[in-house]
Every structure is written in structure tokens, then in C-alpha cells.
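Me: Could you walk me through how to read a structure like this one? I'd like to start with the strands.

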Amino acid sequence: MNILPFAQLLNRVREMRPLVHHITNTVTINDCANITLHTGGAPVMAHAPEEVEDMVGLASSLVLNIGTLTTLQVEAMLLAGKQANRRGIPVVLDPVGAGATRFRTESVHRILEEVQVTIVKGNAAEIATLAGEQAEVRGVDAGEVAADPIQAAQSLARQLNSVVVVTGKTDIITDGTRTACVDNGHHMMGCITGTGCMGASVLGCFAPVVDDPWIAAVAGVTAYTIAGEIGGEQADGPGSFKWRFFNAMAGLNAEKIAEKAKIRKISPSPKP
Amino acid sequence: MNILPFAQLLNRVREMRPLVHHITNTVTINDCANITLHTGGAPVMAHAPEEVEDMVGLASSLVLNIGTLTTLQVEAMLLAGKQANRRGIPVVLDPVGAGATRFRTESVHRILEEVQVTIVKGNAAEIATLAGEQAEVRGVDAGEVAADPIQAAQSLARQLNSVVVVTGKTDIITDGTRTACVDNGHHMMGCITGTGCMGASVLGCFAPVVDDPWIAAVAGVTAYTIAGEIGGEQADGPGSFKWRFFNAMAGLNAEKIAEKAKIRKISPSPKP
Amino acid sequence: MNILPFAQLLNRVREMRPLVHHITNTVTINDCANITLHTGGAPVMAHAPEEVEDMVGLASSLVLNIGTLTTLQVEAMLLAGKQANRRGIPVVLDPVGAGATRFRTESVHRILEEVQVTIVKGNAAEIATLAGEQAEVRGVDAGEVAADPIQAAQSLARQLNSVVVVTGKTDIITDGTRTACVDNGHHMMGCITGTGCMGASVLGCFAPVVDDPWIAAVAGVTAYTIAGEIGGEQADGPGSFKWRFFNAMAGLNAEKIAEKAKIRKISPSPKP
């Protein structure tokens, strides 16, 4: 598989410096802003219903993350998401903890009904929940997932007409037809909070620089997990991993990505 | 005093991987999530009244921290606390800044009236305030406290039927009858924000793994302050202290705790 | 220009340990608390309308930052600001993203109408917006600013009877009559989120220790940007910059400031 077109998208992010509007949780909001900067974007966080439509009007993409959801935030996400759809800018959704509480599951379904989401990114349990399968969600972590995550992702992608990213040891990126697996990453990424959320921010940086969101998502996941790999190899604990990971993302370039990328395109599954 | 039973509880945290539900402040919420991971627990932060009962239903313990309190958050804390009581899972309360404003003091009293709290952890001024003594609270820092902190803690513990932890150069842990003092720690812990809040998260990790909350609290305080000691000895400033402290907590094990622990059990005070 | 009186103010911050009450955004609130500690102040974050007046009653200064503004937060800011005015303690305003959305611009104008602000600190676009000029604000970053930032700052300072600080490669500090330019700093400061917000926290530490807010602002900006310089020279990426910057701020002293300060006082502009 030719890696170079994916690797070179990072250069385009840095040329364009997309403004990535986040409506996100209070746990990892600082990390999301920083990783956006280190990837090459410009983060802006705004969640008041009074201003989200104006802010989307300036943005290159919108990232919605339900990690610490409130009723007011759902309202803001719907306003922002619809405005993003009107403007035609990409929307990335991170359904953190979908399946853990009824409030989360219902809010995500409402967002998906009212907003055309470009990329949905979650762990296996969250994606299985959205795909309508039974999944054990333990807080915001993936529990045991019975079904095949690739099939769940493909099914959800077709259902939503979105690109679906399933994170894990191997990351899966599918638009329902094309499916790639990325084997990059490092176990340290699971030892700090925020690596999931930050992944969505990186997708928010890549989505505006290319018309095909599946390519954007494969490129974003690959860049991000390679930065995790470099940071993890240098770290002697999760505390030092975090800042080394940030350094690695900021210091990443197309050459390093092309050298380290482990992307496998898997044969299309038959439509059901 | 036999340290080993306390030291070995850390292994049990790591085997159980308790889900620690936090309703906490926006200042240190990221730090609390990370220290929970590094201790061996799984953090989940959820504060919408619509979902806290569902989330408590999945959790092993509940941590309530009033650092950036709102009316809505008090409501969520009461719902979550009562649900935790119904389920019989431990509740840790960090009354940040109790005594500084009437809103904080009244909210803490309301929580303590409606929820049976397992462990209350505060600095000397906060605990003195809750024990009904005059104390100078300066923002969220302990000011001058007139009374004997051990007596105040013992009195509060008996009054609430809770374990009370008073943090400071020496940490005090009492259930009103048994009282231990822990002399571990490092002055650097006072040079960053969040060490108080993170201490409560660690207690939230230890509380579910043993039936006796006093033992859990002694073990948790000891592990945490030893990690602070190790981090502090390696750091050349508060910026590097923070990540070294995280590394130290993640790298801690029962042997290091047994080697470094400075726990003194003090003779029981006469009941008043 | 005699640097020493500015440099020595840091000692006074550390003697006084001012309690700096913040009502601020959720993105950088942790960073603001930490930089306040490292500068020598004591941070307290409280934003519930029910308690902000009480908390201002204990504080040495108040920092208002609209980075993730909500309607409720504006209400809290007005209550806190008026109370600060009644008590005669300094108020620092960081109009993050003013000009980007109508909600931000209108909220800032409302705060400035109802509260006498001691120091307003923003980037060139934010200050131009407040000064009534056309400016391109891109999210929360400064875009292209047509007008002369020094003139805009002087004009705004006279209009508000405040000290105005314009941050950038060169920082401008003016009370409308006296104007200083500070050429310290490091490009790494723009590679992480929060350096703007943290600058306001540092001003909140310096403002209470001297009667003349222009002197406080010059001293605060100089100390802060020198810490950025030291941190930046030692860092090999934005991840390591952040903790080295914190270390540098905590390790800063009057001698280092006097040695490195690049303050230029520029000739007073004629009053219009």
C-alpha cells in the first residue's frame, strides 16, 4: 500500500492551520487544545449555546466529545453541528461512554439523528453500542465486546454514511466500503487519560485538508499513533510519556510517518 | 507496627481495577483521572444529574470534591451519594475550601446530612470547620488553625461515623478510635495544585478493596505520600515534580511502600 | 531604564503570597492555578454566583478570563468584579476571543461598563476590538490587525482608565501616558495553550503588591516572559517546554530578571 499520500497530509495540516472548534469534556480539554496545536491546527473551545454557531462560522472543523455531557452541552452540540452541516465543514464525534448511561446513549443517538457526522471515533464497546449491538461498557472504558469490531464498524459506517474509527491495539478505519487497519501505537497510550479524546482532535485537524474523510481519518490515526509510539519508546513512566508524546507529535513529519506506518487495507466486506 | 498489610493493598487495587466515579472540580479533574490510572483504578468523571445514578451503578467507589462547586453539582452529588449508599459502595468527600464561603460550608453540611460518607479528607482548617471549630480558611488553603488537629479529626470521625483524614506535613487518619499518623511526603507536593484532590482519588481507589475504611485510608495515604517523596527527591522544580510524581505512583509497589512507610499508630484518645 | 524596582517586585509577591481569585475558562484553569503558585501567589478558583462575592472578600486580586464563557459565568464575573471594586482590590481582565463572536464581544463590553478593571490584557486583535477598531479575530488567536497596536492600547487605556497590556512578540504595557515595550519571551510560548491565560494570572499576582498598576504590569510581564525565555532555551519540544517553563517561573528571582530584562520605555504619545 502506498503510504506517502497519507503521510504527506500532515504537511497540508501545517500549511492550512485549520481552526478546530471543540465542544468537549472538562477532563481532557487542555490536552485536546495542546495536541491540536502540536498537530498543526489552531484549537478553539466554545460551548455556550449563545456563541457556538458564530464560532462554527469561523472554524474549519467541529469536534464533539460527550465525556462530561450536560443537557446544555447537548443543546450547544446540536446548534453547532447543524451549523457545521450548513457550512459543509467536517464534524468529528467522540461518543465517550456511550452505552454506560442512558443519558449518554440517548444524547449520542439524538446528535446522530440531527447532525450529519463525518467521522465517528470510539472504542470497540462504544462503536458496538452505536451499531446496536450488546456491549459491556465499563465507565468510559471498553469492556468485553462480543461481536467482530470490524463488522460493527462497517455496519455503522453504512448506516450513518460516516467514516467510523474504532480505537484499540489495532485501529480500524472504515467508510463501510474501504477498511484500513493501523497497527501503530504504544501501550503507554492507555496509561494516561485523554488519548482517546486527543485522537478526535487530530482527526479534526486532518478532516478539513482533504475531501475524502476516509483518507483523512487513516492519515490522522496513523500520525497520531506513530507519535504515541515514539513517545512511548522514550518514556520511563506515564508522567514522562505525556510530554514526550506531545514533543513527538510536534516533531513529527511526513518522512517519519512514511517510515513507521503500519497500515493494512483489508478486502472489502460484502454488503449485507 | 506491621506495615505489610497496608503496603500489599496496592496489589489488590491493581488486581481489582476499581471504577472510581468522580464528581469534582474543573481545576484538577485531569490530574485526578491520571492519578487514578497510575494507582491502578479506572477513573470516570460524570456530573450531570441525568446520569450520575446510572454511573454510580457501575462504579466501585464515589469521590465528591467541591473545589468548583455549583448548585447543579450539589444536586448531582446528593443523587450520586445516595445511590452509592444504596449500593453500599464507599464515598470519599473532599470538602475543598469549606469555611471559606458560606456556600461551601452549607453545601458540605448538606452532603454530610444526606449522604453517609465513608472517608472525609481535608486540610486542618477544613476539618476544623466541619468539626465546628473556628478556623481561618484562606481560599482553599489551610490558614492558622487554633485547635489540635488530631482531636478535631477524632471528634469529627465519631460525629459522622466516618474515617477522617487530615492532610499536612504529617497526615492524620482516624475513625475516632484508631488513629494513625503518616510522616511521608515531600514539600514539593505543596508547590503544585491538585495534590489534595489527587489524594482523594487515591482513597477512592483503595476504599473498595478492603472492608475496613480506616485500613484503606492509611494504606492510600501512605502509598500516595511515598510516591510524592520519590517524585520530590528526583525533581528540580514543581514542573518536573508533577510528571515524576506520576511516574512514581505508577511505578510504586508493595516492597517500596514497606521500605519507606513511616506510619505511627497513636494511642486512642479517651472518648469525650 | 532602571530595571531593579521592577525586578524586585517578585520578592514582594513571594512575601505577600496574594490570594488570586480566578473566574476563568476550563481549558487552562489548571495551568493558571499552577503558574500562580510558581509565581508566589495562592490561587483560588470559584465561579458560582452564590459564592464569588464571599471569595472576593478573602482575595488580594481578581482575574476574569472569558475563554469558555457562559451566561452564568458573566453573571458571576459581574458580581465578583463589583465586589472587588467595593473592596478596592485590583481586577485583571483577559478578553479571550473578544471579536470572534458577538457573545464574547458583548459580554466584555458589559463587564467593562459595570466593573472598573485595573489591567486589561489581550492579544493585538482583542485589544483592537475593544478599542473599537476593525480586527480579524480567528477563534482565540490574533489574526491580522491593521492598526498600530501601541496607539490602540493607549487609546483603550485612556478610554477605560486602565492599564492595557498587548501580548505578542513584543509586549506593550501602557496606562495611556506611560508606555513600555518588553522584548523578552520565546516562540515556544505560542506552541502550547494557556500562555496568554497564565500571563493574566501572573498579573493578578503582581497587581496587589504595588499601588501603581502600570509598574505591576511591566514587572509581571517581564518576569513571566523571562521565565518563558529560560524554559524555551532548555526545551526540545512543546511538551517539555511546559514543565521547564513552570520550573523557570518557580526558580526565578530578582537577579535573573534584572540580568535578562529587555524593557524599553517609549516616549509618551500626545493625548488626543
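Predicted model: local features only at pLDDT ≥ 70, side-chain atom pairs only at ≥ 80, totals over all residues.

Reply: In general, strands of a sheet pair through backbone hydrogen bonds, either parallel or antiparallel. Here, strand β4 (residues 91-94) of chain C pairs with strand β5 (residues 119-123) of chain C in the parallel sense, over two bridges. Look for C:Val92: its bridge partner in β5(C) is C:Ile119.

Me: Which helix packs on the sheet, and which strands does that helix touch?

Reply: That's helix α3 (residues 29-39) of chain C, which touches β1 (19-23) and β2 of chain C. The direction of α3 makes about 155° with that of β2(C).

Me: And what is the strand order of the sheet in chain C?

Reply: Read across, the order is β2-β1-β3-β4-β5-β8-β9-β10-β11 (chain C). That's an open sheet of nine strands with mixed pairing. At the edges sit β2 (42-45) and β11 (263-266) of chain C, each pairing on one side only. On average, neighbouring strands of this sheet are turned by 20° against each other, direction ignored.

Me: Let's move to chain A. Which residues does the UniProt "binding site" annotation cover?

Reply: The unreviewed UniProt entry puts that annotation on A:Lys121 and A:Thr167.

Me: Is A:Lys121 buried or exposed?

Reply: Buried is under 20% relative accessible area, and A:Lys121 comes out at 4%, so A:Lys121 counts as buried. It lies in strand β5 (residues 119-123) of chain A. Beyond its sequence neighbours within four places, A:Lys121 has contacts that include A:Leu93, A:Pro95, A:Ile127 and A:Thr167. There's also a polar contact of 3.3 Å between the side chains of A:Lys121 and A:Asp94.

Me: What about A:Thr167: where does that residue sit?

Reply: A:Thr167 is in strand β8 (residues 163-167) of chain A. With a relative accessible area of 28%, A:Thr167 is partly exposed. Not counting residues up to four places away in sequence, A:Thr167 touches A:Lys121, A:Gly122, A:Asn123 and A:Ala124.

Me: Last one: what rotation superposes chain C on chain B?

Reply: Two copies of a chain are related by a rotation about an axis and a shift along it. For chain C on chain B, the rotation is 120° with 0.0 Å of shift along the axis (RMSD 0.0 Å). The two copies are thus related as by a three-fold rotation axis. Within chain C, C:Thr26 comes closest to the rotation axis, at 3.6 Å (C-alpha).

Technical notes:
Residues numbered from 1 in each chain as written. Chains lettered and ligands numbered in written order. Heavy atoms only, no water. UniProt positions renumbered as here; feature names shortened; annotations may be inferred. Helix = DSSP H or I, 4+ residues; strand = E, 2+ residues; numbered from the N terminus. Buried < 20%, exposed > 50% of the residue type's maximum accessible area, 1.4 Å probe, protein only. Contact = heavy atoms within 4.5 Å. Polar contact = N/O pair within 3.5 Å; in protein donor to acceptor, adjacent residues only side chain to side chain. Least-squares fit on C-alpha atoms with pLDDT ≥ 70 in both. Pairing = 2+ DSSP bridges. Axes fitted to C-alpha atoms, helices over the stretch in contact; angles between N-to-C directions.
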